[in-house]
Amino acid sequence: MNLMEMKQAFTAQFGESSEEISVFQAPGRVNLIGEHIDYNGGYVLPAALEFGTTLLLRPRQDKKLSFKSMNFPYHVELHGDVKSLAESKTGEWVDYSVGVIVELGKLGRDLTRGYDFLYNGEIPNGSGLSSSASIEVVTAYGLLSTEGYLADRVEIAVLSQKAENGYVGVNSGIMDQFAVANGAKDHAILLMCDTLEYTKVPFVTGDYKLVISNTNKRRGLVDSKYNERRSECDQALQLLQSRVSGLDYLAQLTPEQLEEHQAVLETKPLLERAKHVVEENARVLKSVEALKQGDLAAFGQLMNASHDSLRDLYEVSCEELDVMVEEARKIPGTLGSRMTGAGFGGCTVSLVHQDDVEKFVEQVGKAYEERTGLKGDFYVCGVGEGVHQIEGV
Ligand code: GLA
């Protein structure tokens with residue numbers, strides 16, 4: 001749907017007004033490498049997608065907030081004061097937006113007026129490409145801009161994560177919101193999750209394309225297993241802190257330090273979780289070196305190693321993700337393939353020679369369907385911009 005059609009839909013929903021409609025866009029994200037590292041204080045390497053969520057926003061004459069979406073029938077009109085919003089949790093998609101407004105209020109940035117919101121999302125739901133972070137970040141950026149604040153992107157990422165953790169109640173790390181807020185065209189974002197220092201790493205892939213393969217497998221276990229992995233990492237950290245002084249996060253350990261002190265980890269799963277974190281963190285830095293040197297083959301190998309570790313040591317993959325990766329690796333032009341995001345369903349990301357992309361989509365799609373009974377979806381995708389304004393204000 002183009003901008004003109006979205007604006008027509010907006011006026012059809014909310015009517016005419018003398019106030020201007022402003023339009024903002026936030027992308028989805030794909031994590032290239034560094035999985036389950038953000039909440040362990042290490043390095044991640046996500047990139048913004050070329051598709052995401054568009055928000056059309058217009059001030060109202062009263063103080064109400066009216067939320068509508070082109071994707072979901074659920075819509076609601078709420079009173080704009082932060083106290084009543086804090087008690088308005090619905091369990092619906094609007095919680096992502098309302099959570100952000102509640103967090104803005106905590107920063108002393110209560111909204112000065114009411115607004116009509118219309119969202120149009122292009123990110124398949126539950127695909128692990130951060131549709132929720134995209135809604136949060138576009139809401140924060142849109143409101144801050146319209147209310148006349150300077151919108152600091154790191155601050156936006158942090159408050160959006162707080163909305164997700166506190167209001168929505170999902171205990172995610174900072175990676176998704178950070179990538180959606182700070183993404184840059186043709187660049188990956190190397191983020192140090194402990195300090196939030198980051199650099200933009202040119203993502204120059206020449207004849208190779210990023211192919212995102214959606215397993216269309218519902219991510220059923222994701223919340224419970226995600227929290228379980230987080231608490232296993234906390235346990236491993238506590239045990240290791242008795243041996244290594246000044247250790248604040250698991251990802252601060254070097255592979256050599258882990259080797260030296262591993263006996264303190266009481267069970268096999270704890271050791272395996274810690275091993276994944278420490279080695280995956282090291283793989284991120286190696287990936288950045290490989291990308292800087294234009295060594296895509298080495299980067300592909302690191303992607304493969306990442307998936308294998310998530311499958312065998314961290315145990316967050318699933319049959320559908322493993323089949324998708326196995327089939328992807330059979331295509332000669334595939335340099336690397338791995339699951340991306342939290343796991344237990346969602347998407348894989350592969351680096352594929354452009355001459356083989358068609359074959360990839362056809363053969364991997366066919367084999368995936370034969371082996372799992374599910375139909376996959378494939379997106380050949382470049383790296384896009386972080387949140388930005390398109391029109392208005
Ligand atoms: C989800 C979370 C992120 C991150 C990834 C795993 O996407 O929202 O914070 O932990 O899983 O890398």
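This is a predicted model: local features need pLDDT of at least 70, side-chain atom pairs count only at pLDDT 80 or more; totals for chains, interfaces and linings use all residues.
**Reading helix pairs and single residues**

Guide: Let's start with a contact: in α4, Ser132, Ala133, Glu136, Val137, Ala140, Tyr141 and Leu144 meet Arg153, Ile156, Leu159, Ser160 and Glu164 of α5.

Visitor: Why do residues three or four places apart in an α-helix point the same way?

Guide: An α-helix has 3.6 residues a turn, so residues at that spacing end up pointing the same way. For the case here, look at Ser132, Glu136, Ala140 and Leu144, which are among the α4 residues that meet α5.

Visitor: At what angle do the axes of α4 and α5 cross?

Guide: The axes of α4 (residues 131-146) and α5 (residues 153-168) cross at roughly 125° and come within 9 Å. Angles over 145 degrees would count as roughly antiparallel, and 65 to 115 as roughly perpendicular; α4 and α5 are therefore oblique to each other.

Visitor: Is the crossing of α4 and α5 left-handed or right-handed?

Guide: Right-handed, for α4 with α5.

Visitor: What span should the 16 residues of α4 have?

Guide: Take 1.5 Å a residue: α4 should then span 22 Å, and its end C-alpha atoms are 22 Å apart, so the two agree. As for burial, 16 of the 16 residues of α4 are buried, so the rest of the structure largely encloses this helix. Just after α4, glycine 148 has a positive phi of about 85°.

Visitor: Now the other pair. How are α9 and α10 oriented to each other?

Guide: Helix α9 (residues 268-292) packs with helix α10 (residues 296-312) at an angle of about 165°, their axes being 9 Å apart. With over 145 degrees as the cut-off, α9 and α10 are therefore roughly antiparallel. Their crossing is left-handed. On the α9 side the contact includes Glu272, His276, Glu280 and Arg283, and on the α10 side it includes Phe299, Leu302, Ser306 and Leu310. The residues of this contact divide into 8 nonpolar, 4 polar and 5 charged.

Visitor: I also picked out some single residues. Is histidine 261 buried or exposed?

Guide: A residue counts as buried under 20% relative accessible area. Histidine 261 comes out at 14%, so it is buried. This histidine is found in helix α8 (residues 255-261). Leaving out residues up to four places away in sequence, histidine 261 touches Leu240, Arg243 and Val244.

Visitor: And asparagine 125: buried or exposed?

Guide: Over 50% counts as exposed, and asparagine 125, at 51% relative accessible area, is exposed. Asparagine 125 is in the loop between β5 (115-121) and α4. Apart from neighbours within four places in sequence, asparagine 125 contacts Phe72 and Ser131.

Visitor: Which residues does arginine 311 touch, not counting residues up to four places away in sequence?

Guide: Arginine 311, in helix α10, touches Ser317 and Asp322 on that count. The C-alpha atoms of arginine 311 and aspartate 322 are separated by 7.8 Å, and the two residues lie 11 residues apart along the chain. Arginine 311 has 32% relative accessibility, so it counts as partly exposed.

How values were computed
Residues are numbered from 1 along each chain as its sequence is written. Side-chain values use heavy atoms; hydrogens and water are left out. Axes are lines fitted to C-alpha atoms, for helices over the stretch in contact, and angles run from 0 to 180 degrees between N-to-C directions. Helices (H or I, at least four residues) and strands (E, at least two) are DSSP runs, numbered from the N terminus. Angles under 35 degrees count as roughly parallel, over 145 as roughly antiparallel, 65 to 115 as roughly perpendicular and the rest as oblique. A crossing is left-handed if the near helix is turned anticlockwise from the far one by less than a right angle, and right-handed if clockwise. Contact means heavy atoms within 4.5 Å. The expected span of a helix is 1.5 Å times one less than its number of residues. Buried means under 20% relative accessible area, exposed over 50%, partly exposed in between (1.4 Å probe, protein chains only). Ala, Val, Leu, Ile, Met, Phe, Trp, Tyr, Cys and Pro count as nonpolar, Asp, Glu, Lys and Arg as charged, and the others, Gly among them, as polar.
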